[in-house]
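Hi everyone, thanks for coming. I have a few places in this model to walk you through, so please have a look at it first.

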Amino acid sequence: MSADPAGPAPGSSNLVLRLVAAGVMVPAALALAWAGGWFWIALVGAAACGLYSEWAMIVGAAGWSPVVVAGVVLVAVTTIALGLAPAGLTLLALVLAGSVLTGALAASQRRLWTMAGFVYAMVAAIASVLMRQDPGMGLVALLFVFFVVWASDIGGYFAGRAIGGAKLWPRVSPKKTWAGAIGGLLASMAVAACFGVFGVGRLLPLIAVGAGLAVVSQCGDLFESAVKRHFGVKDSSQIIPGHGGLMDRLDGFVAAIVVAAIMGFLRGGVDGVAGGLMIWWFDECSSVA
């Protein structure tokens with residue numbers, strides 16, 4: 001989540017907690033992304049289970065109720081199925097069945113919200129796994145999304161602290177500012193440009209893709225804030241010191257990885273999501289479609 005406080009800076013102890021938590025999470029995520037295979041699938045599955053459980057609790061499920069437990073089990077099973085057979089009607093059927101079952105277990109006034117939470121978690125898991133499974137380009141494409149989203153978060157945080165100014169959408173997220181949004185956008189473009197400078201792809205297309213994913217990431221952040229605001233919740237949980245919950249930390253990444261996967265799917269199909277995404281960047285791949 002892109003923390004973008006305007007006005008007085010938060011307490012130094014909170015910043016220290018954020019840095020310590022990031023110092024643990026970032027290397028772990030990078031190591032498991034590099035390892036790929038079932039290591040990455042295990043991390044994605046655990047994160048998806050956390051996303052669903054936090055969403056369910058935000059929308060009104062009480063503690064570890066049957067709707068939460070059943071949803072977490074279904075998310076785990078579907079993620080394992082994704083690792084065994086990354087495409088096909090079986091996976092689609094599992095996602096649809098999980099959505100319907102969790103909705104059926106939820107209270108009537110929360111049914112659609114609960115179903116949406118299952119889909120939210122599973123779409124994030126599917127996009128993350130499909131992006132990494134390409135043995136040639138998977139790691140590079142995944143790292144690109146990681147670094148663009150992280151740059152947007154960091155740039156937004158420090159630009160918001162240093163500049164402040166007009167609020168981006170005060171009714172939904174009163175601390176976020178336009179300065180923070182622009183700072184995050186510029187930071188993401190700079191990171192994308194670095195990939196081009198080091199020969200990962202063409203410079204201008206990379207900057208354009210980085211800018212687009214930065215905007216998508218910020219929209220994902222605002223979407224999660226809007227859901228929490230709707231239900232009167234401040235943080236999705238307190239599982240990550242200084243950051244809140246998994247949804248608070250991963251909201252921007254979820255949006256960015258899903259859009260990146262869609263871009264890759266349009267060119268590379270379901271078995272070549274990462275390669276399809278890279279086609280947008282490389283001249284030599286332009287004949288592959």
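Let's begin with Phe147, which at 31% relative accessibility counts as partly exposed; that class covers the range between buried, under 20% relative accessible area, and exposed, over 50%, with a 1.4 Å probe and protein chains only. A quick word on the source: this is a predicted model, where local features need pLDDT of at least 70, side-chain atom pairs count only at pLDDT 80 or more, and totals for chains, interfaces and linings use all residues. Residues are numbered from 1 along each chain as its sequence is written, and side-chain values use heavy atoms, with hydrogens and water left out.

Now to the rings. Searching the whole structure gives 13 aromatic pairs. For Phe, Tyr and Trp (its six-membered ring), a pair needs centres within 6.5 Å; planes under 30 degrees apart are stacked, over 60 edge-to-face, and the rest tilted.

Phe146 and Phe253 make a stacked pair, at 5.3 Å centre to centre and 25° between the planes. Phe146 sits in helix H6 (residues 138-163) and Phe253 in helix H9 (residues 246-268), so this pair ties together parts 107 residues apart in sequence. Helices here are DSSP runs (H or I, at least four residues), numbered from the N terminus. Both Phe146 and Phe253 are buried.

Back to Phe147: with Phe195 it forms a tilted pair, 6.2 Å centre to centre and 50° between the planes. Here too distant parts of the chain are linked, Phe147 being in H6 and Phe195 in helix H7 (residues 178-197), 48 residues apart. Phe195, at 13% relative accessibility, counts as buried.

Which residues do ring pairs link into a cluster? They are Trp40, Phe144, Phe146, Phe147, Trp150, Phe195 and Phe253.

Two of those names come back around Ser128, in helix H5 (residues 111-133). Ser128 touches Trp40, Val44, Phe253 and Ile257, leaving aside residues up to four places away in sequence; contact means heavy atoms within 4.5 Å. At 4% relative accessibility, Ser128 is buried.

Finally, H5 has a partner: helix H4 (residues 89-105) packs with H5 at about 150°, axes 7 Å apart. That makes H4 and H5 roughly antiparallel, a label for angles over 145 degrees. Among the residues making the contact are Leu91, Leu94 and Gly98 of H4, and Phe118, Met122 and Ile126 of H5. By class, the contact of H4 with H5 has 10 nonpolar, five polar and one charged residues; Ala, Val, Leu, Ile, Met, Phe, Trp, Tyr, Cys and Pro count as nonpolar, Asp, Glu, Lys and Arg as charged, and the others, Gly among them, as polar.

Notes. Helix = DSSP H or I, 4+ residues; strand = E, 2+ residues; numbered from the N terminus. Axes fitted to C-alpha atoms, helices over the stretch in contact; angles between N-to-C directions. Parallel < 35°, antiparallel > 145°, perpendicular 65-115°, else oblique.
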